[in-house]
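Hello,

Here is the structure I promised to pass on. Please open it alongside this note; what I found follows below.

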Amino acid sequence: MDRILLIMCSGFSCFIITEILFQFMNGRYEKRCQKKYVYFFAKIIVILSIVFVNLLNNSILNLSAWCIAVGMSAFFLYYEHVGRTLKRVLECEALALCMCVCESLGVILLQWMLQVLNIKITNAVMLHCLKVAFSKIILIFLYYMFINRLMKRKYSSPSNTQYVIYLIMLGYSLVNMVIIVEYFVQGQESYLCAVNMGCIVLADLYLLHYLKIADEKNYYENQVKALEQQANVQYGYYLQQTRKYEKTVQILHDVKKHMKAIEDLFMTEQRQKAKEYTNEIGDMLKPLIPVEYTGNPILDILLTDKQVFMKDKNILFDIKTDSVNLDFIAPIDITTIFGNLLDNAIEAAEQVEDDKYVFIKITSYRQMIVVKIENSCGKVKWKNGYPVSQKGRGIGILNVLSSIEKYDGNIKLKQEGERFIVELFLN
């Protein structure tokens, strides 16, 4: 029976490592085959092969078998769009090596705890089962808390609440392991204890896996919201330009009438009225003609529209620009970055009773564009290091961050008394 239990422990250990490896590859790479049973049987083959090698009790042969199994799985079952085959195989081999180190740390930690607590387990089989279970618990938590997140291409940072949940689960698992060890010390070395340890490890593995899935689901939902908000900003911008175009068409439609009216006024020597009439037409056309603030047509149109809006809201607007070239920024990113930041500045300035203002300064420093946006504000709500608008939405700033990343940029947000300052740096 002891021999069977040792073989089961070996198979269980291989199953945990294989499951983590395939979870990692499934999340990071593209599958070559869409049939799920192919990957199911691949796991079975890897587990059975490693268990068979383990029975030979040769550590070098065991390590070689793992390297071959991991490399072949990464090479034949997965691919990347960029075709970096060697990088993919080396990443998986590095992960397998990290897991070996984590397992060793778990065994060392268990031996240290038993020594400190002066606990001696005389049954070698039960001690082996305990080492396997304890090391796998340490491996699972280290993988989900640190290793998996370090090796993700792009992922949201885990919150403090998530880390608290991880630590609670780890503490619960360790308490259960201590209770089982107590049974061993009392001489109650039942095979059901070994089964119980295996169930604890499996519960941790799949609970943490589903927590990770829920975390990723929340991350991608936020990305979808950010894209929807960005689409709304773009739609609002183009809708505004459409209205301006319609108004321009209306004015052009009546231009002959206006010219005839001005001509009649001059003919009847009513020059003052003709001048006033001309000024009225100029005032009508002025909002339709973008002011050349920066030389970038998209940004100039955007700033002109915002200036008209702020004038209606009695918000003082001022802008200072050096000779800068913003043509390297894509039009959609111009709208996303400046549209969202100015909308936030206007929204904050509207909440102030007196001294409503928005100030923009655009300068160049070496190979960088430096943008400073300052506005009057009241109390600012912060969440995760970023301000949240009065409407309770913080998605706009996520779009700004996504856009400035394309240009190796950086952004600083701060409040100084009744002033809110945004400093933007773009390469």
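Just after α4, N118 has a positive phi of about 55°. Keep in mind that this is a predicted model.

Next, the helix itself. α4 covers residues 85-116. Its 32 residues, at 1.5 Å each, should span 46 Å, and the C-alpha atoms at its ends lie 47 Å apart, so the two values agree.

Which helix does α4 cross at roughly 145°? That is α1, residues 2-28, and the two axes come within 11 Å. The crossing of α1 past α4 is right-handed. On the α1 side, the contact is made by S13, I17, I20, L21, F24, M25 and R28. On the α4 side, K87, E91, C92, L95, A96, M99 and E103 take part. By class, this contact has nine nonpolar, one polar and four charged residues. In an α-helix, residues three or four places apart point the same way, because there are 3.6 residues a turn.

**Cavities**

The count comes to two cavities of 30 Å³ or more. What lines the second largest cavity? The residues are T18, L21, F22, M25, V46, W66, A69, V70 and S73. Both α1 and α3 (59-77) supply at least two residues each to that lining. Its make-up is seven nonpolar, two polar and no charged residues.

L21 and M25 deserve a look in your viewer. Both belong to the α1 contact with α4, and both also line the second largest cavity.

Best wishes

Definitions and conventions
Residues numbered from 1 in each chain as written. Predicted model: local features only at pLDDT ≥ 70, side-chain atom pairs only at ≥ 80, totals over all residues. Heavy atoms only, no water. Axes fitted to C-alpha atoms, helices over the stretch in contact; angles between N-to-C directions. Helix = DSSP H or I, 4+ residues; strand = E, 2+ residues; numbered from the N terminus. Left-handed = near helix turned anticlockwise from the far one by under 90°. Contact = heavy atoms within 4.5 Å. Nonpolar A, V, L, I, M, F, W, Y, C, P; charged D, E, K, R; others polar. 1 Å grid on protein atoms, 1.4 Å probe; cavity = no way out; pocket = protein on both sides within 12 Å on 5 of 7 lines; lining within 4 Å. Points joined across faces, edges and corners; volume = space filled by probe spheres on them. Expected span 1.5 Å × (residues − 1).
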